Amino acid sequence: MAMNRYERLNQERQIAEKKKRVAAYCRVSTDKEDQENSFDSQQRYFRQYIERNPDWELYEIFADEGITGTNTRKRKEFNRMVACAANGDFDLIITKEISRFARNTLDSIYYTRELKKHGVGVIFLNDNINTLDGDAELRLAIMSSIAQEESRRTSERVKWGQKRRMEQGVVFGRSMLGYDVKDGKMYINEEGAEIVRLIFHKFVDEGKGTHVIARELREEGVRPMRAKEWQNTVILRILRNEKYCGDLVQKKTYTPDFLSHQKKYNRGQEEFVIIKDHHEPIISRELFDKANRILDLKSGSQNGKSKYSNRYPFSGKIKCGRCGAGYVARYKTRKDGSRYKAWRCYEAAAHGRPHIDKAGNQAGCFGESIRNEDAVYLLYLVCRKLKIDRQKIADSLIKTIAAVVFVDLSEIKDVIDELLAGVLYEDEYYARMLDKMVVHDKDHMDVYIKMLPHKWSFAAAKCVKEP
């Protein structure tokens, strides 16, 4: 009786082996002239191939568009096929060659192993490899490595060709505000050019800041080309863009890894392609240079970027009690010419006082500014109010330090005493303990310290520094 059961299982296995559910995978070309790799052509090829084998039946043909196969993350149909295989929907995958399946050796090995775990083999027709064979993985690794190396060489050839064309003045990029890019050449778009001229006029001739210019353009109903709305950063990019004075700089981004295709900003890793007087300018070179000198002066550095890229110690920690927006740092100039740092509600800085814009949206805020030195002093007052056993903490700190450092501790003791006595420190020190500061107005500011379930309230006008 037991023997009959085993025989029955063998018979069921033989029946199952008679008809295998076979899926096909291909990457189809989006080029209309490439008929050989079109979806219809490949679909017809795989159908005929499967029909010639009486033990196979077609499950589905999975196809991804595009010509790149160096990674699988963006290939939706490939990933859907793997999920179906894991679900046991079919028994076998056929594809033309390894380079159509994956040009990344790691992906080839990983996915064929995963599919094999679920009992699904992959047959690479042109490479004559069946992953269910004993020596398949070794042959697959060799062939995948060859395909990956060919991808690298192709990438290098394409990059070399693109750079030569850039050096000849061919523009790689899309249209922008003020210019239309067609067939590798730049043509002035007069409607956008008027906006560019207006921005430079407001900044250089009228002396307006980037936040003010952005707000005025929003209120005038002028629409940016790609951004959702005018912001100071959009204005800055326009003021810094050398194309508006007729120059062309390319290779501002580069692709360090041909497998991932991820682009990075070129910080000198590769040579820029620079062509002076490449196309018709929208503004004069003198006006462009003057605008950038002003930006350099405002930023406090010759590269004109530090103001906008550095994060200050209190960044993200000061909030507006009126609208909930974060506070942003701005440098201001006193009557005597000295400069100081202040914090202001972003909504107020970007949109001004509360109003209804032309689109019918509520914009702006009454959020008041606070000097950085006042924010520091509020944190100093909080430290003074903390009820702690200063001597016990000092003794514990010195004991801990003495256990690991064999030096004269007299200077270290002085520093600890100053710290616990409440010496006024720089903002970098207080930023580490500050959770958030909420500015309602000059008479109401709340301070929250990390790990402490308490709120300290102050009025900036009354926070007069002690002698």
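Predicted model: local features only at pLDDT ≥ 70, side-chain atom pairs only at ≥ 80, totals over all residues.
Residues are numbered from 1 along each chain as its sequence is written. Local features need pLDDT of at least 70, side-chain atom pairs count only at pLDDT 80 or more, totals for chains, interfaces and linings use all residues, and side-chain values use heavy atoms, with hydrogens and water left out.

First, the helices, which are DSSP runs of H or I with at least four residues, numbered from the N terminus. The axes of H7 (residues 190-205) and H8 (residues 210-219) come within 10 Å and cross at roughly 135°; axes are lines fitted to C-alpha atoms over the stretch in contact, with angles from 0 to 180 degrees between N-to-C directions. On H7, the contact (heavy atoms within 4.5 Å) is made by Leu198, Ile199, Lys202 and Phe203. On H8, Thr210, Ile213, Glu216 and Leu217 make the contact.

How many of the 10 residues of H8 are buried? Seven are, where buried means under 20% relative accessible area, exposed over 50% and partly exposed in between, with a 1.4 Å probe and protein chains only. Among them are His211, Ala214 and Arg218.

Next, salt bridges: a side-chain nitrogen of Lys or Arg within 4 Å of a carboxyl oxygen of Asp or Glu. The structure holds 24. Arg371 pairs with Glu373 at 3.4 Å, N to O, and with Asp374 at 3.1 Å. Asp374 is buried at 18% relative accessibility, while Arg371 is partly exposed at 35%.

Note on methods: Helix = DSSP H or I, 4+ residues; strand = E, 2+ residues; numbered from the N terminus.
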